[in-house]
Structure formats: structure tokens, C-alpha cells
Amino acid sequence: MAALGGFRVSEMESISVTKQPRFEVPDLGVGVGLRVPHYAHVLSKWPAMAFFEIVSENFMLGGGKPRYHLDRAMERYPIVQHGVSLSIGSPEPLDWDYLAKLKALVRHTKTPWLSDHFCWSGARGAHLHDLLPLPYTSEAVTRIAERARQVQDYLEIPFALENTSSYLTYTSSTMTEWEFVSAVVEEADIGLMFDVNNVYVSAYNHGFDPYEFVRNVPHERIVQIHLAGHTNLGNLIIDTHSGPVIDPVRDLYRETIELAGPVSTLIEWDDEIPAFDRLIEESVSIRALRDSVIATHTAERRVSPWINSAPGPHGANKRYADSEPGREPSHTTGHTPSHTPGRAWIQGGPREVPSEGRA
Ligand SMILES: [Fe+2]
């Protein structure tokens, strides 16, 4: 077992762990969510896994069986916290009681960062237990950035917001989702939890080019990536987190890693949860993809720095480029990703080709 920032990481995964600073957080490799059906297996067999992500709200009461299981998992694995109840876009004031409990758990788990979602979940005392979409307006950017900065200052660790899947848009929106997401994280000076499957789902549902989304967010702020399966109903995709990561989402992930560099990646599988061995299989497959991109760029970096020339305001990955040992700071010239896609994404949304050989 190898140690990383007080955490213990299995030998199997330690080769893909780097200590490359990235928005002040480490790259943990490829992990999965810690879910109840797997507790018995994980806490008795101790399978190799780079890290586990927990849903904060499941462990905030401070005792009982949930915390017992969490504490046992913490003995051997890095734990990363992900929340679902912050409701950063709510018209209500921030819930400081919730944040106090969250901070206590943050201190307990020593999570290297904490994330929640670009969404609102209720108003006037009602909590709808859903991640509802936001209007993409400058007023919303200002309000959410201010609240996000407060959350990050209070928690005293890097805080990140995640792009969500959505099934409707607002006629009042004045910018694209990626412009909105980018503006908030820049203005708040927070991290971006980048859910590649959510990009794909929303692109399909709303008819935009997912690659335009991927290329135009601030890559140096991506502290973690989410991947997941989904359910395609033909005219609509539902973000069910069931099934494996499909090939078009893997292609988007490849593009993301090419632009962002090594980033901790988490596979979400929350419906029709399979045996843990199937999750390991999926994580090994994703890790192989990630490692192949990293290896390609490691070779290329002998002659060219790993920064991108993507269009838009965030094309130059300055923070990442500057943090490379021996690298000239950000006046270095851009580098075009080797896999510049000639993919047939068209306005009207990507359409899946059924992928053979995947369960
Ligand atoms: Fe996600």
C-alpha cells in the first residue's frame, strides 16, 4: 500500500496516482462510488480501488451504521465527498446548519475537495430532492458565484460545482451552459466537477455539440470527472446512472483528458447496481483509456507542452502548463490535441450508434 496525503492507496492503483498539483488537489486515478450493496464485499475483501466517492448527506448524522462503514472504508481508501443538497441556485439563503454538518464531515473524512451541483432543489422551505436546472443569465452567475465563494471560504477546502443533466431550458437564458458554468467557476474562483456523461445527455436532449462544451470550459479548474451510463429513450436520454459508460461518452472523456490532463475520474453506477467485480472491470477499462491518453501526451510533451489551443476564452490551460516541472510559464505556445475530432456531431444532437460487446 502507498500513502498519499494521509490516505492509503492500493498498490494496484498507485502507479496511476500522481501528485501533480491541480487546483491544489491531487490526481487520485479512477475510482467508484461507495454504495450500500457493496459494503460487505468492500469491507471484507478490500478490493483494489484508487478511491471511493461518498454522497455526503448519507453520512452527516455523525454516528450509527453509516459512519461505522465509512470509518472502516477510510482505513484503507481515499474518500472524496460529493453532495446533492446544497441547492446553490436556490432563492433562499444558504443553509448554515447544513453547511456546519458538512464541514464536520469534511474534517472527518479529510476529503481533498468537495463538490455539489449547478442546480436548485427547492424554495420556501420545500426540498424537492431533485437537481433542477438553472437559467443561464448574468444575474444567476453573480448570485451563484457569490454563494459558491462563501461555501468554499467556509469549508476551507477546494469546492467544485458539477454541470448537471437537464431536460428543459429556460427562454430567459442569455448564454450557453458552458459559458454559464465557466463564468461561475471563474468569478467564484472555485473548481469544476466535470460530468462528461451529463454533457452528453444534455447535448442529446437539447441539440448542442458536446465537443463545443468540452472545449470551452476552463480545463485547469477541473478537479474531478464523473462518468456514468444512462438510459436512451430515443427522443430523450435520462441520466439514470445505470449500465456501462457508452463509447460516445468515452470519446468525450478522451477529449476531456487530452485538454485537461490527468484528473481524478469517478464512475457513477447507481441504478441496477452490479456486483463489485463488474465495477472493477469498468474502472480498469476507463483507467486503460485514461492512461493511454496520458502516455501519448507524456511522449509528446518532450517536444510540446500539454496545453491546448481550444477555441474560446479558456483555451490556454495556464495553471496546468505552469505547474509542470521545468516548464516555461504561460507564454508557451499552444498545442493542438492529437485527436482533434473529425466526429460527425451535428447540431440537433449526437445520435448513438449501439455499441456492440458492452453489457
Ligand atoms: Fe455526476
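A residue is called buried if 20 or more other C-beta atoms lie within 10 Å of its own, exposed if 12 or fewer, and partly exposed in between, with C-beta atoms placed from the backbone. Helices (H or I, at least four residues) and strands (E, at least two) are DSSP runs, numbered from the N terminus. Residue numbers start from 1 along each chain as its sequence is written. The model is predicted, so local features need pLDDT of at least 70 and side-chain atom pairs count only at pLDDT 80 or more, while totals for chains, interfaces and linings use all residues.

**View 1. Strand E12, seen residue by residue.**
Gly191, Met193 and Asp195 point one way from E12, while Leu192 and Phe194 point the other way. Every one of these residues is buried. With five of its five residues buried, E12 is largely enclosed by the rest of the structure. Its partner E11 (residues 159–162) runs parallel to E12 and is joined to it by three bridges. Look for Leu161, whose bridge partner in E12 is Leu192.

**View 2. The barrel that contains E12.**
Which strands make up the closed barrel? Eight of them do, in the order E5-E6-E7-E8-E11-E12-E13-E16, with parallel pairing. Two strands pair if DSSP finds at least two bridges between them. Strands of a sheet pair through backbone hydrogen bonds, either parallel or antiparallel. On average, and ignoring direction, neighbouring strands of this sheet are turned by 30° against each other. Such angles run from 0 to 180 degrees between N-to-C directions, and the axes are lines fitted to C-alpha atoms, for helices over the stretch in contact.

**View 3. Strand E5 and its two partners.**
E5 (residues 30–33) pairs in the parallel sense with E6 (residues 52–55) over two bridges. E5 also pairs in the parallel sense with E16 (residues 265–268), over three bridges. Gly33 has Glu53 as its bridge partner in E6.

**View 4. Helix H7 and what covers it.**
H7 (residues 196–206) lies across E12 (191–195) and E13 (222–228), and runs at about 60° to E13. Is H7 largely enclosed or exposed? Nine of its eleven residues are buried, so H7 is largely enclosed by the rest of the structure. Among the buried residues of H7 are Val196, Asn197, Tyr200 and Tyr204. Their cover includes helix H6 (177–188), E12, helix H8 (210–215), E13, strand E15 (237–238) and H9. Just after H7 comes Gly207, with a positive phi of about 80°.

**View 5. Helices H9 and H10 side by side.**
Two packed helices are described by the angle between their axes and the distance between the axes. H9 (residues 247–260) and H10 (residues 276–300) pack at an angle of about 35°, and their axes are 10 Å apart. Their crossing is right-handed, which means that the near helix is turned clockwise from the far one by less than a right angle. Arg250, Tyr253, Arg254, Ile257 and Glu258 of H9 meet Leu289, Arg290, Val293 and His297 of H10. Here, two residues are in contact if their C-beta atoms, placed from the backbone, lie within 7 Å.

**View 6. Two loop residues with positive phi.**
Most residues other than glycine have a negative phi, and most peptide bonds are trans. Ser87, in the loop between E7 (79–82) and H4, has a positive phi near 55°. Ser87 counts as buried because it has 24 C-beta neighbours inside 10 Å. Asp189, in the loop between H6 and E12, has a positive phi of about 60°. Asp189 has 14 C-beta neighbours inside 10 Å, so it counts as partly exposed.

**View 7. Val106 on helix H4.**
Val106 lies in H4 (residues 96–109) and is partly exposed, with 19 other C-beta atoms within 10 Å. Leaving aside residues up to four places away in sequence, Val106 touches Gln81, Thr111, Leu114, Leu155 and Ile157. The C-alpha atoms of Val106 and Glu156 are separated by 9.4 Å, although these residues are 50 residues apart along the chain.

**View 8. Where to read with care.**
The predictor's confidence in each residue, from 0 to 100, is the pLDDT. The protein averages a pLDDT of 81, and 77% of the residues score at least 70. Over residues 1–21 the pLDDT is below 50, and over residues 303–359 the pLDDT is below 50 as well. Where pLDDT is low, the predicted coordinates should not be read in detail.
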